[in-house]
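My entries follow the model.

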Amino acid sequence: MMSGWLPRLWRTGTGRFGLIVVAIIAVTALLALFWTPFDPQASDVRNRWAVPSWPHLLGTDDTGRDILSLLMAGARTTVFVSLGAGIIATLVGIALAALGALTARWLRETVAVLVDILIAFPVLLIAMMISSVWGGSLWVVIWSVGIGFGVNIARVTRPELRRVQQSDFVLAARASGLTTSQSLVRHLLPNVAPVFIVQLSWSMAVAVLAEAGLSYLGFGASVTEPSWGLLLADLQRYIGVHPLSVIWPGLAITLTVLALNLLGDGLREATDPTLRHRAAEIHTPAVVA
């Protein structure tokens with residue numbers, strides 16, 4: 001079912017846009033590990049508020065720091081947070097969904113109640129509460145968003161697992177001696193992958209927003225770490241005087257979140273056979289006798 005998904009993803013406009021933007025951000029983050037045009041934290045008071053020109057292609061801020069270098073360095077933080085939150089959300093979501101769908105009835109019901117309780121708490125509120133106790137850091141954002149959206153993934157994926165579990169091919173596989181864990185890996189997870197992918201892309205997008213928002217409020221990245229949220233918080237005070245400088249970090253956050261969501265939608269369309277069959281029926285002309 002998953003074979004050939006990349007060409008199908010590329011043929012969808014939303015998937016192609018999301019893939020290109022996410023790839024650019026990932027390459028930028030990787031490049032920023034080794035090189036940026038200027039030192040992101042180096043101040044140059046003689047070049048305060050330089051307009052976009054060579055060598056400061058996006059201008060400078062109130063202390064003379066190069067905005068392009070700050071954005072490139074901030075991309076590292078964004079990729080780190082989104083990947084970390086995505087990995088934790090995947091592990092938490094699959095574990096809770098499997099426990100809530102494939103175990104004994106008492107355990108399934110216990111997990112369902114636990115998921116309903118946890119999902120009632122907003123992710124950002126949990127992150128702010130944890131940050132107020134242990135201090136703000138990127139790890140607080142990663143774990144808060146990862147666990148919070150892992151619960152969301154489990155809530156959406158659990159009924160899909162139950163539905164696929166009752167399918168004839170899964171029952172036949174179980175009758176032939178396939179264990180529950182083997183059935184989960186070979187049949188259940190691949191068939192719920194489209195739903196899972198959309199939820200995972202959304203959790204990674206919200207991780208980007210959460211990191212930016214919490215850093216903006218002072219609960220996320222420390223002042224020594226490059227962050228789009230911190231840059232936005234620093235520059236928004238001068239929006240009435242230098243509005244162009246605020247556009248760059250805001251545009252970076254917006255494009256990243258949009259690209260992750262569109263990439264998730266494109267991946268779902270590329271990996272879900274029911275959507276492909278439905279699209280083929282729509283685009284195939286009827287034969288008139």
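The entries below take the helix pair and then the pocket.

I noted that this is a predicted model, in which local features need pLDDT of at least 70, side-chain atom pairs count only at pLDDT 80 or more, and totals for chains, interfaces and linings use all residues. Residues are numbered from 1 along each chain as its sequence is written, and side-chain values use heavy atoms, with hydrogens and water left out.

Helix pair. I looked up α9 (residues 228–235) and α10 (residues 243–271), whose axes come within 9 Å and cross at roughly 150°. Helices here are DSSP runs of H or I, at least four residues, numbered from the N terminus. The axes are lines fitted to C-alpha atoms over the stretch in contact, with angles from 0 to 180 degrees between N-to-C directions. α9 and α10 are therefore roughly antiparallel (an angle over 145 degrees).

I listed the contact (heavy atoms within 4.5 Å): W228, L231, L232 and L235 of α9 meet S245, V246, P249, G250, A252, I253 and T256 of α10. By class, I have eight nonpolar, three polar and no charged residues there; Gly counts as polar.

The largest pocket holds about 330 Å³ of space. I found 15 lining residues, and I24, I25, L71, W228 and A252 are the closest to its centre. α2 (13–32), α3 (67–102) and α10 each supply at least two lining residues, and α10 gives the most, with five. I sorted the lining into 13 nonpolar, two polar and no charged residues.

Terms for the pocket. On a 1 Å grid over the protein atoms alone, a pocket is an open set of points where a 1.4 Å probe fits, with protein on both sides within 12 Å along at least five of seven lines, and lining residues have an atom within 4 Å of a point.

Methods. Parallel < 35°, antiparallel > 145°, perpendicular 65-115°, else oblique. Points joined across faces, edges and corners; volume = space filled by probe spheres on them.
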